[in-house]
Amino acid sequence: MEIYLDNAATTKISDEVFGAMLPYLKEFYGNASSVYSIGKKSKEAIIEARDLIAKALRCKSKEIFFTSGGSEADNWAIKGSLLKSKHILSTPIEHEAVLQSLEYMKDLGYEIEYLDVNSNGIVEIDSLKSKLRDDTALISVMYANNEIGTIQPIKEIGEFLKDKNTLFHVDAVQALGSIEINLSELNVDMMSFSAHKIHGPKGVGALYIKEGTKINSMINGGSQERNKRAGTENVAGIVGFAKAVEIAQKNVYVRNSKIEKLRDKLLKNLLSLEGVYLNGDLENRLKGNINISMENVDSSILLMKLDMEGIMASIGSACNSGSINPSYVLKAIGRNDELSKNSLRLTLNEENSEEQIDRASAIIIDSINSLR
Ligand SMILES: *Cc1c(COP(=O)(O)O)cnc(C)c1O
């Protein structure tokens with residue numbers, strides 16, 4: 001039995017999404033900029049997709065800009081927005097797409113400062129209050145963390161920034177599908193999304209850019225995406241993404257309560273072992289996320305053992321798997337080197353069954369015991 005427990009790395013495309021995409025890979029292959037009928041068909045599909053996403057996220061259609069995924073959206077928000085001054089705030093637990101974009105900005109002469117996160121991986125609002133300056137041009141805080149699943153107080157941060165002159169960017173790639181996102185209630189200027197984390201196709205996503213926010217084009221060329229992002233549109237991808245967003249924003253509660261039951265059962269079993277600790281907050285956490293650190297277990301060997309048994313899991317973020325570096329997220333929340341290195345991330349979704357969870361639980365426990 002194969003058991004996929006790595007939904008934070010990517011998800012399986014859903015039948016509905018796949019079905020919606022197919023016509024745009026086969027019959028309607030026209031370029032959306034062309035005048036004949038299959039071109040118009042593509043153009044209409046993009047308009048419809050943008051409208052669907054805007055409706056689902058409660059923003060305006062013209063505030064949605066399609067990208068090649070979450071990484072591009074993060075890069076664009078940070079490198080592209082027209083910043084009035086040189087100070088940027090973020091957190092030490094952001095995704096690499098944000099952290100590396102900040103490094104790039106640092107090389108250009110920007111001053112990057114990181115907010116404190118507590119030992120549960122939650123951003124301290126007090127740290128924001130003390131570090132925010134009159135010349136802070138941008139603050140980037142993720143909605144939910146990809147390694148430890150912690151959910152940040154985005155609404156509160158937005159409220160606090162309301163009368164300030166600072167742009168607020170949020171990476172919501174992990175949040176979408178697990179948290180109902182209502183952009184009309186969040187004082188956010190830019191928000192990043194990706195399709196493949198919500199049962200959509202890989203290689204497509206979006207950046208929400210609030211009306212009036214000034215941003216440069218990062219990909220120059222044709223006039224696609226209202227002159228903001230050149231390149232022939234990934235029509236099938238965009239259509240699939242829209243379908244995935246529509247589904248993701250529906251029934252969040254029902255989906256979450258199913259996932260939470262499974263997660264809690266698995267977590268309880270794992271925490272019954274000695275020297276196994278949960279990383280991150282239990283309350284403010286994505287329902288599908290388990291991240292544990294283990295004493296006296298080499299987690300890269302554990303991963304291989306699990307793989308042989310058909311269990312697909314990861315150590316922290318997918319980008320770091322295979323490497324033996326301690327997780328920077330776990331270090332940032334105060335774990336020592338050993339516990340930051342020897343972690344295991346299990347990310348569930350609604351397709352996991354109780355039978356799978358029971359089996360996974362037994363195999364993981366056996367494997368940990370045998371490695372000790
Ligand atoms: C996956 C992920 C990204 C990158 O998205 P891609 O579409 O894979 O480029 C960015 N941020 C977070 C939090 C992610 O989990």
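Student: What volume does the largest pocket have?

Tutor: The model is a predicted one. In it, the largest pocket has a volume of about 400 Å³.

Student: Which helices give two or more residues to the lining of the largest pocket?

Tutor: The lining comprises 27 residues, and those nearest the pocket centre are Ser-178, Lys-197, His-199, Asn-349 and Glu-350. By class, 10 of the lining residues are nonpolar, 12 polar and 5 charged. The elements that give two or more residues are helix 8 (235-249) and helix 9 (252-271).

Student: Which helix gives the largest share of the shell around the ligand?

Tutor: The ligand is surrounded by 13 residues, the closest being Ser-71, Asp-171, Gln-174, Ser-194 and Lys-197. By class, this shell has 2 nonpolar, 8 polar and 3 charged residues. The largest share, 3 residues, comes from helix 3 (residues 70-80).

Student: How much of the ligand's accessible area does the protein cover?

Tutor: A backbone N or O atom of Gly-70 lies 2.8 Å from a ligand oxygen atom. In the side chain of Ser-71, an N or O atom is 2.7 Å from an oxygen atom of the ligand, and for the side chain of Gln-174 the corresponding distance is 2.7 Å. Of the 380 Å² of accessible area that the ligand has on its own, the protein covers 88%.

Technical notes
Residues numbered from 1 in each chain as written. Predicted model: local features only at pLDDT ≥ 70, side-chain atom pairs only at ≥ 80, totals over all residues. Heavy atoms only, no water. 1 Å grid on protein atoms, 1.4 Å probe; cavity = no way out; pocket = protein on both sides within 12 Å on 5 of 7 lines; lining within 4 Å. Points joined across faces, edges and corners; volume = space filled by probe spheres on them. Helix = DSSP H or I, 4+ residues; strand = E, 2+ residues; numbered from the N terminus. Nonpolar A, V, L, I, M, F, W, Y, C, P; charged D, E, K, R; others polar. Near = heavy atom within 4 Å. Polar contact = N/O pair within 3.5 Å; in protein donor to acceptor, adjacent residues only side chain to side chain. Areas by Shrake-Rupley, 256 points an atom, 1.4 Å probe, with all protein chains shown as cover.
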